[in-house]
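Here is a structure to explore together. Take a moment to look over the sequence and the 3D view before reading on.

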Amino acid sequence: PVGTASLQSIQPEEDFEFNTVTLKIQQELGGDAADIQLSVYPDLNNRPDFDSLIAEAQLKDIIRPDSNLDIAFTFDEPVELSTEEIYWLVLGVKEYGDSRGFFRNSWQNAINIGNDLYGGGQAGRGNSGICDNYCDFTIPYPDATADWYMKIGLIIDENEDDEEE
């Protein structure tokens, strides 16, 4: 479904892979449980290319999370990013328990304002799906120095290493 999303572009200085992104998020309005989705897309004209999903991770039945706590999105497989390419992380709602939630709720990630942490990236807001005729994007949002509060990493399951030996 098309809804409002938070966006963050990143441009790696070297090839790397990750399977976990940790964010601080808050439910700004309403109290409907939602399945929150974090997706990774390539860039297309300084916006996410919604026709080319790279990966997505989902958290089910989230309601009023503590905005001071880190929330981890774990991808099923490592996501590989290439040097100097632009990618977009898109945080949005996959589904609400009650369909009226799309009209009653708003979700937001924590943003560092006034401290440009990722010189090669921009925070923004916009649509979270394919747009036929009109997409409303605000990049940068809320200003040019804003970036997401986030941690990106690769967590290796030590049990998997044991099984391979």
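In this predicted model, E13, E14, D15, E17, E80, E84 and E85 form a negative surface patch. E85 sits in the loop between strand 6 (71-81) and strand 7 (87-96). Its relative accessibility is 45%, so E85 counts as partly exposed, because that class lies between under 20% for buried and over 50% for exposed. E84 is found in the loop between strand 6 and strand 7 too, and with 48% relative accessibility E84 is also partly exposed. The backbone of E84 has a positive phi of about 65°, although E84 is not a glycine.

Another residue with a positive phi is N45, at about 55°, and N45 is not a glycine either. You can find N45 in the loop between strand 4 (34-42) and strand 5 (55-62). Here the relative accessibility is 64%, so N45 counts as exposed.

The peptide bond leading from I139 to P140 is cis, and its omega is near 5°.

Now step back to the whole chain. The protein has 12 strands and two helices, arranged along the sequence as β-β-β-β-β-β-β-α-β-β-β-β-β-α. Of the contacts between residues at least 6 apart in sequence, 81% join residues at least 24 apart. Of the 165 residues, 40% are buried. The protein exposes about 9400 Å², with 44% of it supplied by carbon and sulfur atoms.

Conventions: Residues numbered from 1 in each chain as written. Predicted model: local features only at pLDDT ≥ 70, side-chain atom pairs only at ≥ 80, totals over all residues. Heavy atoms only, no water. Patch = residues over 30% accessible without salt bridge, like charges linked within 9 Å, V, L, I, M, F, W, Y side chains within 5 Å. Areas by Shrake-Rupley, 256 points an atom, 1.4 Å probe, with all protein chains shown as cover. Salt bridge = Lys/Arg side-chain N within 4 Å of Asp/Glu carboxyl O. Lys, Arg positive; Asp, Glu negative; His and termini not counted. Charge placed at Lys NZ, Arg CZ, Asp CG, Glu CD. Helix = DSSP H or I, 4+ residues; strand = E, 2+ residues; numbered from the N terminus. Buried < 20%, exposed > 50% of the residue type's maximum accessible area, 1.4 Å probe, protein only. Contact = heavy atoms within 4.5 Å.
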